[in-house]
Amino acid sequence: QSLQPFVYNSLPGRVIFGRGTLSQVGHEIQSLGCSKALVLTTPGQSKKGEALKADLGSLAVGIYTNATLHNPTHVADDAVELVKALGADCVVALGGGSTIGLAKAIALRTDLPQIVVPTTYSGSEATPLIGQTENGLKTTQKTLKVLPEVIIYDIDLTLTLPVQTSITSGINAIAHALEALYSTEVNPITDMLAEQGIGRLVTALQVLHKDPQNIEARSDALFGAWACGTCLGGVNMALHHKLCHTLGGTFNLPHAETHTILLPHTIAYNEPFAVAAMAKASRILGAPSAGKGVFDLAKNLGAPSSLKDIGMKEEDLERAADVAMKSPYPNPAPLERAKILGLLRDAYGGRRPA
Ligand code: NAD
């Protein structure tokens, strides 16, 4: 296929990938010229955070363990108070998208450098994007201020990620790559990353479903997460990401599960208007169409397939369709409210895309 003209913005950042790499955090703090780190975790990963703080010795001045899904602004304000009280000069986020989101929120407010150690496949570590929730509304900003300076991938840390979270988080990553393939900013670099990312994750998730401790699959999944996250950071996204933000922020639905349930339907919605891009995706998925391929993948791996099962209320579907229609954004298929509502109803009922 001949190359089309393109624009690609590469993002600065240092990536360390391997096993046991958590031990390099101290060295990276010092390489940034810092010496007073604040360690961040969710409540669920606080023990790991405490252990990291102890390992860092005098390089860590404190720990904040209240990172929260959808990044509420009051949590960030609370953490910034602690940053100031301790005189911290950098943050170390140990965790998934919620913890990395908090690191970004602190960087946005203080300009402190970030070292992030991702333990899920959300891909947030590789993006200059931040979503924050205030009064039930989630808003997104794009600024290099929030792009982490250093990413340390330690495969060993993902061994504790429960199988179901591994699967939904992996499909969250695949969503970034699928929307990158039909982005208005599509280019050969993100295309390569998207194909690598989807391919590695699809294979790895099938292995992890049966054998969660498989190191090679954990390694492939984590690399796939970086590749897909780099797609998310590199090009604009469309209907799928818009809907997931709406549902997550407004109705407080779990992030990775929402992505997993909606993805087959949003991809099926766009597929007729992104034929070449989605043909690539269906080849990698080994399916007759990309939408059906994602649905079958998730279903075979035991992931949730219905919005009803994760707490969405039927009467809120109309409001979700309204929010999705607000402030237009580029999307391969025209945005039609009735069709989007139909898509949401299919996702609510857990139906396989037609
Ligand atoms: P999460 O960070 O909330 O993690 C989910 C749960 O898994 C948490 O309870 C956490 O403590 C636990 N956990 C994480 N890693 C674990 C491990 N290795 N072992 C055991 N438990 C572990 O979930 P997420 O899906 O990674 O992140 C979702 C958040 O990230 C949302 O707020 C979303 O908006 C944001 N996000 C942002 C971007 C971006 O580019 N800005 C991209 C993707 C996601």
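Helices (H or I, at least four residues) and strands (E, at least two) are DSSP runs, numbered from the N terminus. With that in hand, α4 (97–110), β6 (129–134), α5 and α9 each supply at least two residues of the shell around the ligand. This is a predicted model, in which local features need pLDDT of at least 70 and side-chain atom pairs count only at pLDDT 80 or more, while totals for chains, interfaces and linings use all residues. Residues are numbered from 1 along each chain as its sequence is written.

**Around the ligand**
- The ligand has 31 residues around it, and G44, G96, G97, S98 and S124 come nearest; a residue is near a molecule or strand if its C-beta atom, placed from the backbone, lies within 6 Å of it.
- Helix α4 gives the most to this shell, with four residues.

**Two domains**
- The domain assignment gives domain 1 (14–159) and domain 2 (163–349), and such bounds come from an automatic or database assignment.
- The C-alpha centres of domain 1 and domain 2 lie 25 Å apart.
- Across the boundary, 25 residues of domain 1 are in contact with 26 residues of domain 2; two residues are in contact if their C-beta atoms, placed from the backbone, lie within 7 Å.
- On the side of domain 1 that touches domain 2, β1 (14–18), β6 and β7 (137–142) each supply at least two residues.

**The largest nonpolar core**
- A nonpolar core is a set of buried Ala, Val, Leu, Ile, Met, Phe, Trp, Tyr and Cys residues joined through C-beta atoms within 7 Å.
- A residue is buried if 20 or more other C-beta atoms lie within 10 Å of its own, exposed if 12 or fewer, and partly exposed in between, with C-beta atoms placed from the backbone.
- The largest core has 109 residues, of which A37, L40, V91, V92, A93, L102 and I106 touch the most other members.
- Domain 1 and domain 2 both give residues to this core, so it lies between them.
- Setting aside neighbours within four places in sequence, V91 is in contact with A37, L38, L40, A103, I106, L112 and Q114.

**Helix α10**
- In α10 (residues 275–285), the buried residues are A277, M278, A281, I284 and L285.
- These residues cover an arc of only 110° around the axis, which puts them on the same side of α10; the arc is that of the directions from the helix axis to the C-beta atoms.
- The face turned away from the buried side carries the exposed residues V275 and A276.
- The buried residues of α10 pack against α5 (163–181), α6 (188–210), α9 (255–270) and α11 (290–300).
- After α10 comes G286, whose phi is positive, near 65°.

**Helix α13**
- The buried residues of α13 are I340, L343, L344, D346, A347 and Y348, and they pack against α9 and α12 (317–325).
- Just after α13, G350 takes a positive phi of about 70°.

- T190 sits in helix α6 and counts as buried, with 26 C-beta neighbours inside 10 Å.
- Leaving aside neighbours within four places in sequence, T190 is in contact with A180, C231, G234 and V235.
- H245 belongs to helix α8 (residues 239–251), and its 22 C-beta neighbours inside 10 Å make H245 buried.
- Beyond neighbours within four places in sequence, H245 is in contact with G131, K138 and T140.
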